[in-house]
Amino acid sequence: MATTVRRAVLTLPAAPLGPESPLPALRAPDGVHVLDARSRDGLPRDMARQIGYEPLRSLLPVRIRDGYRRERAEREFEAVVIENEHLRVTVLPELGGRVHSLVHLPTGRELLYRNPVFQPANFALNGAWFSGGIEWNIGATGHTALSCAPLHAALVPAPDGGVMVRLWEWERLRDLPFQVDLWLPEDSEFLYVGVRVRNPHERPAPVYWWSNIAVPEDAGTRVLAPADEAWHFGYERSLRRVPVPRWEGADRTYPLGSAYPADFFYEVQGAARPWIAALDAAGQGLVQTSTALLRGRKLFVWGAGGGGRRWQEWLTEPGTGGYAEIQAGLARTQLEHVRLEGGGEFGWLEAYGPLSAEPARVHGDDWTAARGAAESALDAVLPRERVDAAYEAWRGCADTEPGERLATGSGWGALEVLCGGLRLPGTPFEESMLGPEQEPWLELWRTGVFPAPRRALPPGPSLVAAHWRDMLETAPADPLTEYHLGVAQWHAGDVAQAVRSWERGLAPVPSRWPLLRCLAMADALAGDPGRAADGYAAAFEHLAAESRGEEPWTAAESALGQEAMTALLAAGRLAQARAVWDRLRPALREEGRFRLLAARLLAAEGHVAAARRVFEDGFELADLREGEETLSEVWSTLTDRPLPPTYDFRMRPPG
């Protein structure tokens with residue numbers, strides 16, 4: 001059977017993604033994946049250097065995606081299916097290029113954890129993310145900001161004369177183009193994935209890549225990798241070297257052997273073949289291997305505790321079974337970023353397929369024998385030399401221009417390529433890809449003037465790279481230009497100049513709330529909660545007066561209302577917080593985040609019983625952040641009773 005590639009439609013119960021937040025993401029990413037300073041002592045020198053290399057100062061220019069909900073309805077997703085006589089691969093280009101399913105056809109076995117629903121949750125760097133399948137994480141520590149975004153996709157000739165599927169996009173946090181080529185030779189039991197990240201700039205760039213593979217979390221499933229030690233990272237934010245497989249009385253290579261969610265980054269020695277496998281009680285499952293550049297291997301577990309189990313339900317449907325993640329990355333740990341020189345590129349090949357090994361050996365007490373059995377089984381079905389040869393063959397096709405287009409991503413890459421005069425063989429970012437969001441920036445580049453909007457709407461996305469900041473600095477200083485200039489200066493770390501730009505933009509202008517909100521955020525981060533509260537109150541008042549009630553305005557009211565109430569409560573301005581609440585649209589008051597704010601406001605006003613009733617009546621915090629403990633913290637201020645299981649998302653041990 002020759003390999004075929006076809007379009008398909010995948011229908012799933014799906015929650016709506018909703019709109020992006022129109023507020024620029026001025027805050028630094030949350031500290032869930034930040035290493036406690038006390039844990040840095042004694043780390044290997046290269047690891048310590050890469051942990052400290054270019055962490056994100058903000059998520060700019062990416063926007064927060066937090067408009068999703070939890071009510072699901074049937075929805076059709078465009079899919080691409082790659083198939084031969086051994087494997088059927090289902091890819092979702094409109095959702096970050098996620099491999100949704102990998103079926104071994106001779107046995108009918110699904111090799112991945114295939115989520116039966118599409119339910120966004122707040123795990124990506126910019127919010128919306130969903131679980132299951134194989135995802136391609138690029139950008140910075142965490143799940144990519146492209147988790148729920150469309151990628152460009154097209155057909156490209158494969159090295160064996162067949163066809164492969166190319167996915168590509170412009171990663172905006174680091175301003176780097178990348179491509180993922182999915183290739184299934186007609187006689188192969190393994191899916192090959194060629195990946196390339198390029199730096200078209202003169203300056204070096206920090207690169208982050210982890211391929212995350214969700215696998216079923218059956219009671220008998222064991223994860224094996226060529227390592228005797230691992231770096232354990234939990235939500236206590238500490239990193240420590242631990243033995244593999246047993247640590248603190250439990251075998252941690254079984255995902256349910258841990259009580260709390262945790263990462264285990266395996267210490268794969270330099271000369272060892274990089275691979276990782278998840279095999280069930282019968283010794284069958286999935287293996288992933290790669291060329292040597294992709295050196296890191298990791299196991300992520302949700303653990304057997306209440307918080308981890310609640311998260312599993314939250315991300316899918318109760319009763320559908322849990323999952324763990326086996327992963328592969330450029331560095332030892334996900335806390336690190338790797339330097340890519342200007343004009344350089346990283347490229348590697350991954351392989352995914354079924355593996356079967358003698359169950360008595362892979363589940364035995366002798367760890368050396370267990371991982372040796374898995375590695376021997378891998379060598380028998382896919383020798384290392386074959387992977388290296390496939391990589392060399394793929395490199396000859398990496399620059400081939402795509403043919404038939406299957407999907408369209410964003411226009412941001414086209415803007416950067418056009419304005420920078422860049423040439424990127426194999427990943428065309430054509431002028432035809434430009435869209436409405438890029439139009440004002442294209443006009444700025446062509447005319448030196450940032451155009452006024454055609455109708456009253458919240459400001460569009462800001463661009464913050466140095467060349468765009470330079471253009472904004474020389475453009476006529478109207479309020480909208482000052483707003484975008486301030487955002488770019490803020491991203492560059494020039495806080496004082498950003499504040500001055502926003503203040504200049506406040507000259508008599510009909511739409512003041514975007515500037516007032518930026519200034520309020522600056523005050524909050526500068527440690528002046530009173531001044532920040534005043535600014536937020538004024539910003540929300542202006543927004544409420546100006547809002548037209550359409551979706552972009554409602555998204556702005558929701559985002560700014562949450563920030564304003566939070567700041568006002570922190571400053572003890574209860575009357576002003578109540579005033580914001582009173583001006584909210586009734587539909588917004590029913591959102592989970594506002595139900596929680598209502599409970600906090602009621603408690604601060606002395607109505608503790610009424611605040612507790614908000615919890616007792618029930619609400620869902622659709623955008624609950626990974627590692628966030630707000631629900632348990634607020635509950636503990638209202639009562640001494642145990643936290644109800646429905647609100648228990650705690651990911652670390654008490655204390």
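**Exercise 1.** Find which residues have the most contacts inside the largest nonpolar core.

*Solution.* In this predicted model, the largest nonpolar core has 90 residues, and those with the most contacts inside it are Trp 136, Leu 182, Trp 209 and Tyr 266. Such a core is a set of buried Ala, Val, Leu, Ile, Met, Phe, Trp, Tyr and Cys residues joined through side-chain atoms within 4.5 Å, where buried means under 20% relative accessible area with a 1.4 Å probe, protein chains only. Apart from it lies another core, of 67 residues, Val 417 and Leu 463 being among them. Residues are numbered from 1 along each chain as its sequence is written. Local features need pLDDT of at least 70, side-chain atom pairs count only at pLDDT 80 or more, totals for chains, interfaces and linings use all residues, and side-chain values use heavy atoms, without hydrogens and water.

**Exercise 2.** Determine which residue in strand S11 is the bridge partner of Val 165.

*Solution.* Begin with strands S10 (residues 163–171) and S11 (residues 176–183), which run antiparallel and are joined by seven bridges; strands are DSSP runs of E, at least two residues, numbered from the N terminus. Within S11, Leu 182 is the bridge partner of Val 165.

**Exercise 3.** Work out how many of the 13 residues of helix H16 are buried, and what covers them.

*Solution.* Helices are DSSP runs of H or I, at least four residues, and in H16 ten of the 13 residues are buried, including Phe 594 and Leu 601. The cover includes helix H13 (551–570) and helix H17 (608–617). Just after H16, Gly 606 takes a positive phi of about 95°.

Definitions and conventions. Buried < 20%, exposed > 50% of the residue type's maximum accessible area, 1.4 Å probe, protein only. Pairing = 2+ DSSP bridges. Contact = heavy atoms within 4.5 Å.
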